[in-house]
Amino acid sequence: MNAEPSESNETEKDRMTAAVRQQRERQRKWVREGEPSMAQYVGQIGVLGWIIVAPTLIGLFVGRWLDHKFGTGIFWSAPLLGIGLILGCWSAWKWMHKQ
């Protein structure tokens with residue numbers, strides 16, 4: 001019998017320790033700052049919206065400009081719109097997990 005813990009057990013313990021530390025820090029922040037106001041919640045929703053909308057619109061405008069320049073219909077608009085949307089959603093996901 002091997003008395004040493006397996007490597008997966010160690011990484012699981014490390015993740016658990018990190019999660020406990022993160023929870024403790026969030027609780028300390030809540031005690032220090034209190035419950036966020038309604039304005040802060042509305043502001044966060046607005047920021048989240050713009051994090052998604054801005055790259056989507058940039059992709060659309062660049063695509064339309066390229067289509068107009070080369071006369072290609074929606075050849076560039078559709079894929080760049082999709083890429084902008086994907087980048088915006090990914091950025092929003094990262095921002096939400098940071099909060």
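Visitor: In which helix is Ile51 found?

Guide: The model is predicted. Ile51 is one of the buried residues of its helix, and the helix in which Ile51 is found is H2.

Visitor: How confident is the prediction, and in which helix of the protein chain is confidence highest?

Guide: The mean pLDDT of the protein chain is 90, and 93% of its residues reach 70 or more. Confidence is lowest in helix H1 (residues 7-33), with a mean of 88. The highest confidence, at 96, belongs to helix H3.

Visitor: With which residues is Ile51 in contact, leaving aside its neighbours within four places in sequence?

Guide: Ile51 belongs to helix H2, and the buried residues of H2 pack against H3. Beyond neighbours within four places in sequence, the contacts of Ile51 are Gly88, Ser91, Ala92 and Trp95.

Visitor: What distance separates the end C-alpha atoms of helix H3?

Guide: Helix H3 comprises 22 residues, 77-98. At 1.5 Å a residue, H3 should span 32 Å.

Visitor: What arc around the axis of H3 do its buried residues cover?

Guide: The buried residues of H3 are Ser77, Leu80, Gly84, Gly88, Ala92 and Trp95. These residues lie on the same side of H3, because the arc they cover around the axis is only 110°.

Visitor: Why do residues three or four places apart in an α-helix point the same way?

Guide: The general rule rests on the geometry of the α-helix. Residues three or four places apart point the same way because an α-helix has, for each turn, 3.6 residues.

Visitor: Against which helix do the buried residues of H3 pack?

Guide: The buried residues of H3, among them Gly88 and Ala92, pack against helix H2.

Visitor: Is Ser77 buried or exposed?

Guide: Ser77 has its place in helix H3. Not counting residues up to four places away in sequence, Ser77 touches Leu60, Gly63, Arg64 and Asp67. Its relative accessible area is 5%, under the 20% cut-off, so Ser77 is buried.

Visitor: Is Ile74 buried or exposed?

Guide: Ile74 is located in the loop between H2 and H3. Leaving aside neighbours within four places in sequence, Ile74 is in contact with Asp67 and Pro79. With a relative accessible area of 61%, over the 50% cut-off, Ile74 is therefore exposed.

Visitor: How far apart in space are Ile74 and Gln99, C-alpha to C-alpha?

Guide: The two residues are 25 residues apart in sequence. The C-alpha to C-alpha distance between Ile74 and Gln99 is 37 Å.

Visitor: How far does H2 reach from its first C-alpha to its last?

Guide: H2 has 33 residues. Just after H2, Gly71 takes a positive phi of about 65°. The reach of H2 is close to the 48 Å expected at 1.5 Å a residue, namely 48 Å.

Visitor: What distance separates the C-alpha atoms of Met96 and Leu48?

Guide: Met96 lies in helix H3 and counts as partly exposed, at 41% relative accessibility. Met96 and Leu48 are 48 residues apart along the chain. Their C-alpha atoms are separated by 8.1 Å.

Visitor: From where does the largest share of the lining of the largest pocket come?

Guide: The largest pocket has a volume of about 440 Å³. Of its 13 lining residues, Lys29, Glu33, Pro36, Gln44 and Gln99 lie nearest the centre. H1 and H2 each supply at least two residues of the lining. The largest share, five residues, comes from H1.

Notes
Residues are numbered from 1 along each chain as its sequence is written. This is a predicted model: local features need pLDDT of at least 70, side-chain atom pairs count only at pLDDT 80 or more; totals for chains, interfaces and linings use all residues. Side-chain values use heavy atoms; hydrogens and water are left out. Helices (H or I, at least four residues) and strands (E, at least two) are DSSP runs, numbered from the N terminus. The expected span of a helix is 1.5 Å times one less than its number of residues. Buried means under 20% relative accessible area, exposed over 50%, partly exposed in between (1.4 Å probe, protein chains only). The arc is that of the directions from the helix axis to the C-beta atoms. Contact means heavy atoms within 4.5 Å. pLDDT is the predictor's confidence in each residue, from 0 to 100. On a 1 Å grid over the protein atoms alone, a cavity is a set of points where a 1.4 Å probe fits but cannot get out, and a pocket is an open set with protein on both sides within 12 Å along at least five of seven lines; lining residues have an atom within 4 Å of a point. Grid points are joined across faces, edges and corners, and a volume is the space filled by probe spheres set on the points.
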